Each structure stands twice: as C-alpha cells, then as structure tokens.
Amino acid sequence: MTRTLFSCCLALLLVVRAMAGIFGAVQGIVHDPDHRPIAGAKVEIHAAASDWHAETLTNDLGEYRFQAVPIGRYTITVTAAGFAALTRDVTVESNTTPVVHFPLTPETVKQSVTVTAAAQEVDPQSSTTENLVSRAQIAQTPGAEQTNSLAMITNYVPGAYMVHDQLHIRGGHQTTWLLDGVPLPNTNIASNVGPQIDPKDIDYLEVQRGGLSAEEGDRTYGVFNVVPRSGFDRNRQAELVASYGEQQTTNDQLSFGSHTQRLGYFASLTGYRSDAGLEPPAPQLLHDET
C-alpha cells in the first residue's frame, strides 16, 4: 500500500513538472479610451503555427485570462459591440504570464498603426536570457532540419557555436535537454553528433542561457526545452522526406499527424546514416614534413 501511494505521488510530481515546463498563461484588461472596463468582450487567442485556439469573455472588471497556454507565439483578437476589433501578438514562454491590455476605440473612429521594428522584451524579474525558435524558422534555415544539425541553435542563439564537433554556449559545452519540461537523461555534456531531438519533430525550442537556477547546476551553460509537434498543424496528413548526399549520407523521415478540436497526435520515424566520421579534435597538419 505504501509503495503504491509513493508511486502515485511520484507520477503526480512528474506530471506537475511537465505541466510547469511547457505552459504559461496570458491575462489582461479590455477598456475604452477613458480606461473604463468593458465587460462581455470576446477575447480569442490563436497559435501562430498551428490550429490551437481558445476564447473567453471579459468579466465585470474587463479582465480576461487564459490558463495552460503552450509556449509559442500567438495572436489575440478582442471584439466588443460598438467598438473596433483589436489584434495583438504575444509570445508565451514557460512559466510566464504576459499581460496584454486592449484599449478599444469606438467603431466610428478609424486609425492605423504601422510597426517597422520592435525591441526585444526584457524580463526584469530574471537574469536568464531566453530565445524561442519556431518550427517555421527551422524550416527556413538551410540544413537546420537535418537530423544531425545544430543550425537551429547556432543560427538563432547568440554565443552558441561549434568547436571540435561539440556545441558550445557561453564558452562551455555542458548543456541540458528537456522534453515538455522533463529532463532527458545523459545530456549534461553536449552530444558530438547532433541534437538530442530530431529538428523535424520540434514545434518550438526554448533556449535558456545565463543566470540559470540552482537546480540546473552551476556548470550548466545552456538549457534546451523542446516542445514537440502535436499534430494541430495537420488534418489527417502524412509526410515523407528523403534525401541523399555526399559520403553516402541519407536522412529520411516518415511522419503522421492529425487533430480534433481538443486533441492532436503526431508520430514520426527517422533514419540517418553517413560515412563521414567525427572531425579530429585538432586540425590536420599538412606542412609538418621535413
């Protein structure tokens, strides 16, 4: 009985850890130009890279909140009777709650805003530097979708580079990989052959570096939190990827995915081989003969 109770508690702790690792929340207030709250306004949130969405109504104080929002980029649209609709973009990171306010204007007032650039938001409550890499960015980067490629990190994370076939970040190569917020075993030292997760299976990659918490260890230089593809970007579809290159290199994948209004699934099978061995730890000397 005691062993069963302990197993249930341990499973519950793992579920809580996973939930805390890949979800955030979004909240805010909808008000008129005089900062009076607008009750009953419809607030919709849509994922930028999938069909995931949710909606709610503001309360008497004009407040709204979305719980358990997976990390990623989203578009929020607010509509209310007598007011012009307003849309804004927001990025949700793990264990964060962005606050997005919507000042609605009367429907008869027409205005337009053109944004040419936006400064990167800084979290004043944490010294950890974070980068969020999306599946679209991985697909648009040459070579980043290859099974053994780390271009999705080196191309988008400042201070990340390859030395001696190992990924270094902020000067060190000791990193930790997480899947849905749950640590993967034996990844504290960067792999010599590529990432721990196939880039083609990633929906979002959250990279944390610098100012890491004590639980990550004082010699951890980077943490990679992977949100895998969920199937919300497909409707009963399958995809076959095949490639062949020099040194007998092949990189093939067969994947399936689909979703309902509330549930989704994604499954893939990947094969990779190459006659190319690991690079030597030092450059080969060509002019040392006498």
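With which residue does arginine 36 form a salt bridge? In this predicted model, the partner of arginine 36 is aspartate 34, and the closest N and O atoms of the two side chains are 3.3 Å apart. Side chains of opposite charge can pair when their charged atoms come close.

The protein chain as a whole contains 3 helices and 18 strands. Of its 290 residues, 37% count as buried, while the accessible surface comes to about 17,700 Å², with 54% of that area belonging to carbon and sulfur atoms. Among the contacts in the chain with a separation of 6 or more, 58% are made by residues 24 or more positions apart.

The count of salt bridges comes to 8. One of them is formed by lysine 42 and glutamate 55, whose closest N and O atoms are 3.9 Å apart. This pair links distant parts of the chain, since lysine 42 belongs to strand β2 (residues 42–47) and glutamate 55 to strand β3 (residues 53–57), 13 residues apart. Lysine 42 has a relative accessible area of 32% and is therefore partly exposed. A further salt bridge is found where the side chains of aspartate 233 and arginine 135 meet, at 3.4 Å from N to O. Here, too, distant parts of the chain are linked: aspartate 233 lies in the loop between β14 (222–228) and β15, whereas arginine 135 lies in helix α2 (residues 135–140), 98 residues apart. Aspartate 233 counts as partly exposed because its relative accessibility is 25%, whereas arginine 135, at 18%, counts as buried, because the limit for burial is set at under 20%. Arg135 and Asp233 also take part in a network of salt bridges that includes Asp203 and Arg229.

Strands β2 and β3, which hold lysine 42 and glutamate 55, are also members of an open sheet of 4 strands, arranged in the order β3-β2-β5-β6 with antiparallel pairing. At the edges of this sheet stand β3 and β6 (86–92), each of which pairs on one side only, and the twist from one strand to the next averages 20 degrees. Strands of a sheet pair through backbone hydrogen bonds, either parallel or antiparallel. Between strand β5 (residues 72–79) and β6, the antiparallel pairing extends over 7 bridges, and within it valine 78 stands opposite leucine 86 of β6.

The surroundings of histidine 31 bring arginine 36 back into view. Histidine 31 is placed in strand β1 (residues 23–31) and, with a relative accessible area of 10%, is buried. When neighbours within four places in sequence are left aside, histidine 31 is in contact with Arg36, Pro37 and Ile38, as well as with Phe102, Pro103 and Leu104. The C-alpha atom of histidine 31 is separated by 9.0 Å from that of leucine 61, a residue 30 positions away along the chain.

Notes: Residues are numbered from 1 along each chain as its sequence is written. This is a predicted model: local features need pLDDT of at least 70, side-chain atom pairs count only at pLDDT 80 or more; totals for chains, interfaces and linings use all residues. Side-chain values use heavy atoms; hydrogens and water are left out. Helices (H or I, at least four residues) and strands (E, at least two) are DSSP runs, numbered from the N terminus. Buried means under 20% relative accessible area, exposed over 50%, partly exposed in between (1.4 Å probe, protein chains only). Contact means heavy atoms within 4.5 Å. Accessible areas come from the Shrake-Rupley method with a 1.4 Å probe; for residues, only the protein chains shown count as cover. A salt bridge is a side-chain nitrogen of Lys or Arg within 4 Å of a carboxyl oxygen of Asp or Glu. Two strands pair if DSSP finds at least two bridges between them. Axes are lines fitted to C-alpha atoms, for helices over the stretch in contact, and angles run from 0 to 180 degrees between N-to-C directions.
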